[in-house]
Amino acid sequence: MRDLLRRVWYVVRQRQFERELAEEIEFHRAMAQRDLEQRGIGTVTANHAARRLLGNTTLAREDSRGVWIWPWLESIWQDAAYAMRNLRRQPGFTAVVVLVLATVIGLHTTLVTVIAGVVLRPWPGVHDAHRVVAVYLLGPAGRSAGFAGGLPLSAYRMIAERARSLSGVVATRAEEVLVGTGDSARSTESLLVTGNFFDVLGIGVAPGRGLRPDDDRPGRAQPVAVLAYDYWQSHFGGDPGVIGADIRVNDVPFTIVGVASRDFSSAEPAYGKQLFLPITAASQWKPHEPPITCCVDVAGRMAAGATREQARAELDLLSREFVLPDGMRPRGVIVTGTEFASRPGRTDAVGPLAAASAISAGLLLVWLVACANIGNLLLARAAARVQEIGIRLSLGASRRRLIRQLLTEGLVLALSGSTVGIGIAYQLPFVLLHFLGGATAAFPFRVEVDAVVLGYALLLAGVSAAVFGLAPALFATRTDVAAALNEREGLPASKFPLRGLLLAVQVALSVVLLVSAGLLMRGAQRAGAFDPGFAVNDVTAVSFELPPGTYDDARKGAFFTDLTDALRGLPANAIDAFGFATWEPTFIRRGYQTPIHLPDQALAEAKMVTNVDVSADYLNTLRIPIVAGRNFEASDDARLVAVINQAMARQFWPNENPVGTTFLVGRAESREVIGVMRDAHTHSMERVPPLFYQPLRQGRVVPRLVIRSSRGVPSGQVRRIVERLDPRVRIQVTPLSAHLEARVAESKWGPMLAAVLGGFALVLATVGMFGVFAYAVRQRTREIGIRMALGAQPSAVVRLILAGHSRAVAAGLVVGLLGAVASSVVMRSRLHGLSPFDPVAYLGVAALLAAAGLAASYLPARRAVRVDPVVALRYE
Amino acid sequence: MGVGVAYVPDLLPGTLELLILRTLAGGDPMHGYGIAQHLKSVSDEVLQVGESSLYPALQRLLLKGWVKGAWGASENNRRARFYTLTAAGRKQLAVERREFDRLIVAIHKVLNPA
């Protein structure tokens, strides 16, 4: 072992070794020459003589080096060649093992590929992306990532003008726009960017040009647009002649000036966006509105020589002068790289990274099952090779050499497996992405198999080989030579408790995975059938798209007043109730987040709370009951009042009646609590977050209409009313049940994946059990024959065969159930209120395993009872 | 014996290593050239070891961990690698000496049958 370390050290420091050796030999030569000179021989002659005396220096060096490397390589090669020959002789065994390993390593490498490709890489398509940083504000109410959606535009300007540590600063803002005219107008995702965006980030543009600083001069904004690569391909057929053409954005003509590079389209800000427009372009289609002041995402390129820490310190100082829209001041800034994972909040317990690690843990368990399984197969083979190993030991092979040889066999297997696995990893992410389709919109993918991923696959192969190869190698070479040579049929099973152990490990891990999968599936089932606490099935939400450029606040207010009157004028039984809100319930946290604190609390203690502006009839429409105080009334519209939910009451007024008290929104604005409503799952599928509603003020925002009707969706009537009010207004009608279904479908991904992993583990464990039982039968054929000849009942024979290993299976079950309980307690938050001890999940898994055990033992048992005593005894 | 003729006796395998270990057993660090000179002078110039056998042998000993090398200044102030015996090397020397003695006795018995 120490030898090995020294050799590795040699390889690592090879250059230095070579240099030292050369110097040493040169020294030797010089000394010899000096001695010769001292004997009175001339310098030149002495030099030659010394060289001759010493022979060939190159050869000396080669030989010296060979001591370290050559014999070692040669013996490794021998081992590998021997292993290959051995494995080729058993193609079935080899194929199974390689396939299992390839699947597991492939899956895990896929995950790493995705994580490395998505989470750990900075924006693609950006020049020298490592020098680009993203800037976030620390909100006043704690470490809040997208406080109020980003930075105020004024803060961006301040950074752009004054920050010395950044050589260029850009701001972006996502905005949905209508592209096209009339009925062919399509809602399109666009990214509003500052004019320096393409220059500062160094984004390739071909054909055409990127936006220029000139394009977004305030007051002289140019109506120009850059297309995203995919949009160019799908809507313009990749025609280079598109440059100079006009498109209508929110009914304003924009000139196409360029197409952004394909690489950049998977950078996070550009992901899913189809157009890049100057940030001042909004003034083109909203001439009546003040220009955008809030809020933008800010990124910058670090100046030459500046560090991220310098940038943070400088911006931190600058940020003291920022004023947020609600008058509050941020607590500082966060300056991060542009990697997906570095955005604040992404590494939270409920973030995408947590999900990835859960999947990773599951895959790791499957990998362990596979290793245990292969270990058992190798053990069986080693047992069958006891004779061969005995012969080799008796011929003088050292035990260490044999162990190394068996390990090499494992390594060859593992490397073949991971080679195929890398192939899988190379294709699977793309297949998955294709399969997932639109579900990945929030997930900017760019997937590549690179050195990190390859290295990971190889590491996994190496560890696999050690895990499943070492124990069998140690056990196989521990044999007593004489006994081994006498045995015809390996050693009895009892001498290999390791087999039972490995079997138990497989069973235990399968149980953990299966129970987890079962619980998650039951949880998802429950989520589909859960009680949201408000009316879902009869309620429909309607969102409005007002024609751009023509609606100012007064006209907006008038439109919705007219709409309300028209709806009231409908026949009495057409709709049961309706109301307006800034957001309809979507079962995810959507709406404004506002820092809230009580009058006697410091501002720093403020907590972010979701709030929605609603009309007076909204709670009634959703059938959310008031449990204390009163509901909104029409006269509340202009008052600073709020209805809070029970979760908020518990958080801010534990053991107190909040009705009549006030709380502060942002810096100073106060709200009086007029009522408490029952908790409803309007904003989450799991725990209900604190939430308050406040009166919707007419004008300003475009609210959504929420209608409850027990007689089907009145979309036709609503459409007609809107048509009459203004034919240019487009509406979208979405039943709340559609939102719920989407959430339920999303929440099924995890359980499905867990089920696939669990199923895979079960198949592996079943194959493992089958292998062990079958081996036991083959090993004891003679014994069975004798018993049968002496009149043993078939049932007794079967019991005999299965008894040896059923204890291991039972032990595995017990350990597995304990592990499952532990893992289910960890998963509790994802179970939608299901008990971690849900009997259906546990019984289901027990039934599955019983079936698997039966399947695994059926064939071996049948083979055992069909043993012909005569043949068996002649087996010798 | 003329100048420039390198005489490398056919030693039994491993004997050169044994000789090096014994040479270093004195405790003083020695460089490769010094070891060669020592072998030459002690053996009355019978054992003249060339570097093509000396340095591979030294590397083998380093690999086994029986000697260790450290760079230092030689008597004429040049950089040279000085070798010393490790504890493992000392043990190995004892083992090999015993083996060697047994071998010599055996060979002697073969050459001079009673």
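Which residues does A:V366 touch, not counting residues up to four places away in sequence?

Tutor: This is a predicted model. Leaving out residues up to four places away in sequence, A:V366 touches A:V104, A:L513, A:L757, A:F760 and A:A761.

Now set A:V366 in its surroundings. A:V366 belongs to the largest nonpolar core, which has 97 residues. A:V366 is among the residues with the most contacts inside that core. The others named with A:V366 are A:L101, A:V369, A:A370, A:V511, A:L513 and A:A761.

Step back to the whole of chain A. It has 27 helices and 22 strands. Of its 876 residues, 40% count as buried. Take the contacts in chain A with a separation of 6 or more: residues 24 or more positions apart account for 82% of them.

Next, confidence. Chain A averages a pLDDT of 79, and 85% of its residues score at least 70. Two stretches need care. Over residues 437–444 of chain A the pLDDT is below 50, and the model gives this stretch 10 contacts beyond near neighbours in sequence. Residues 488–494 of chain A also have a pLDDT below 50, with 13 contacts beyond near neighbours. Where pLDDT is low, the predicted coordinates should not be read in detail. For the model as a whole, ipTM is 0.79 and pTM is 0.62.

Begin with A:S398, in the loop between α13 (386–394) and α14 (399–436). A:S398 counts as exposed because 11 other C-beta atoms lie within 10 Å. A:S398 and A:T477 are 79 residues apart in sequence. Their C-alpha atoms are 9.6 Å apart in space.

A:A638 sits in the loop between β16 and β17 (641–645) of chain A. A:A638 has 9 other C-beta atoms within 10 Å, so A:A638 is exposed. The C-alpha atoms of A:A638 and A:P695 are separated by 7.4 Å. Along the chain these two residues are 57 residues apart.

A:R623 is not a glycine, yet has a positive phi of about 55°. With 17 other C-beta atoms within 10 Å, A:R623 is partly exposed.

B:D44 shows a positive phi of about 55° although it is not a glycine. B:D44 lies in the loop between α2 (32–42) and α3 (51–64) of chain B. B:D44 is exposed, because it has 7 other C-beta atoms within 10 Å.

Chain B has four helices and three strands. From the N terminus, their order is α-β-α-α-β-β-α. Of its 114 residues, 29% count as buried. Consider contacts in chain B between residues at least 6 apart in sequence: 54% of them join residues at least 24 apart.

The axes of α1(B), residues 15–24, and α3(B) come within 10 Å. They cross at roughly 75°. That angle makes α1(B) roughly perpendicular to α3(B). On the α1(B) side, the contact residues are B:L16, B:E17 and B:I20. They meet B:S53, B:A57, B:L58, B:R60 and B:L61 in α3(B). By class, this contact has five nonpolar, one polar and two charged residues.

Last, confidence in chain B. The average pLDDT there is 83, and 88% of the residues score at least 70. Residues 1–7 of chain B stay under 50. For that stretch the model has 11 contacts beyond four places in sequence.

Terms used. Residues are numbered from 1 along each chain as its sequence is written. Chains are lettered from A and ligands numbered from 1 in the order in which they are written. This is a predicted model: local features need pLDDT of at least 70, side-chain atom pairs count only at pLDDT 80 or more; totals for chains, interfaces and linings use all residues. A residue is buried if 20 or more other C-beta atoms lie within 10 Å of its own, exposed if 12 or fewer, and partly exposed in between; C-beta atoms are placed from the backbone. Helices (H or I, at least four residues) and strands (E, at least two) are DSSP runs, numbered from the N terminus. Two residues are in contact if their C-beta atoms, placed from the backbone, lie within 7 Å. Axes are lines fitted to C-alpha atoms, for helices over the stretch in contact, and angles run from 0 to 180 degrees between N-to-C directions. Angles under 35 degrees count as roughly parallel, over 145 as roughly antiparallel, 65 to 115 as roughly perpendicular and the rest as oblique. Ala, Val, Leu, Ile, Met, Phe, Trp, Tyr, Cys and Pro count as nonpolar, Asp, Glu, Lys and Arg as charged, and the others, Gly among them, as polar. A nonpolar core is a set of buried Ala, Val, Leu, Ile, Met, Phe, Trp, Tyr and Cys residues joined through C-beta atoms within 7 Å. pLDDT is the predictor's confidence in each residue, from 0 to 100.
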